[in-house]
Amino acid sequence: MSQHDRPLPPYAAAVLTWVRRHPPDERALFGGTYGLVLASALVAALESPEEKPDPAADLLWVLLAAVATAAAHGYAHAVAHRAADSRNATTSAVRRVLAEWPLVAAALPTAVLLCFAVAGWLREADAVEAALWFNTVALFAWGSWAARLAGRGWPGSFRSGGVDLAIGLVVIFANSWIH
């Protein structure tokens with residue numbers, strides 16, 4: 001039996017089965033992509049070589065921006081659809097705001113890396129660099145997965161992921177050019 005013929009461990013097979021049965025909806029795909037780009041752009045903008053490193057403040061700004069953006073996006077949807085759903089406007093608005101959780105979740109890896117800097121396990125610059133590269137790879141994976149869910153073949157999925165990857169690379173190159 002070759003290495004590629006071995007069955008998956010039970011936990012890996014269970015995870016793959018769950019993922020196949022529960023594909024993300026459009027809002028999760030949008031929020032994930034938007035959250036990764038938002039976190040990358042914000043962490044790149046907050047880190048400045050001329051200033052004293054303050055990863056705790058950067059961490060708070062990344063989390064605050066993610067929550068505020070998710071709330072604003074959800075509320076904008078609620079306002080846009082208010083006429084159609086005027087019976088329970090408050091309940092509808094709260095539901096729409098809470099439905100934006102993927103945007104906040106996508107910013108969490110950046111937040112975790114900044115926590116490592118707060119704890120002193122990483123320098124702030126290293127945490128920022130790791131976050132930018134992690135988010136860029138995640139954008140590629142997320143874009144490729146979304147294309148696969150939409151029924152594209154592997155080449156088309158990788159092209160779609162490549163477009164998302166390019167967005168992450170633009171942020172990385174802009175960060176190195178500006179700083």
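Entry 1, ground rules. I worked on a predicted model in which local features need pLDDT of at least 70 and side-chain atom pairs count only at pLDDT 80 or more, while totals for chains, interfaces and linings use all residues. Residues are numbered from 1 along each chain as its sequence is written, and side-chain values use heavy atoms, with hydrogens and water left out.

I took a pocket as an open set of points on a 1 Å grid over the protein atoms alone, where a 1.4 Å probe fits, with protein on both sides within 12 Å along at least five of seven lines. Lining residues (an atom within 4 Å of a point) include Pro24, Trp101, Phe134 and Trp142. Two or more of them come from each of α2 (26-46), α5 (101-118) and α6 (124-149); helices are DSSP runs of H or I, at least four residues, numbered from the N terminus. I found that α5 gives the most, five residues. The lining divides into eleven nonpolar, one polar and no charged residues, with Gly counted as polar and Asp, Glu, Lys and Arg as charged.

Among the lining residues are Glu47, Asp126, Glu129, Trp133 and His179. Both α6 and α7 (154-178) supply at least two residues, and the largest share, six residues, is from α6. I logged six nonpolar, three polar and three charged residues for this lining.
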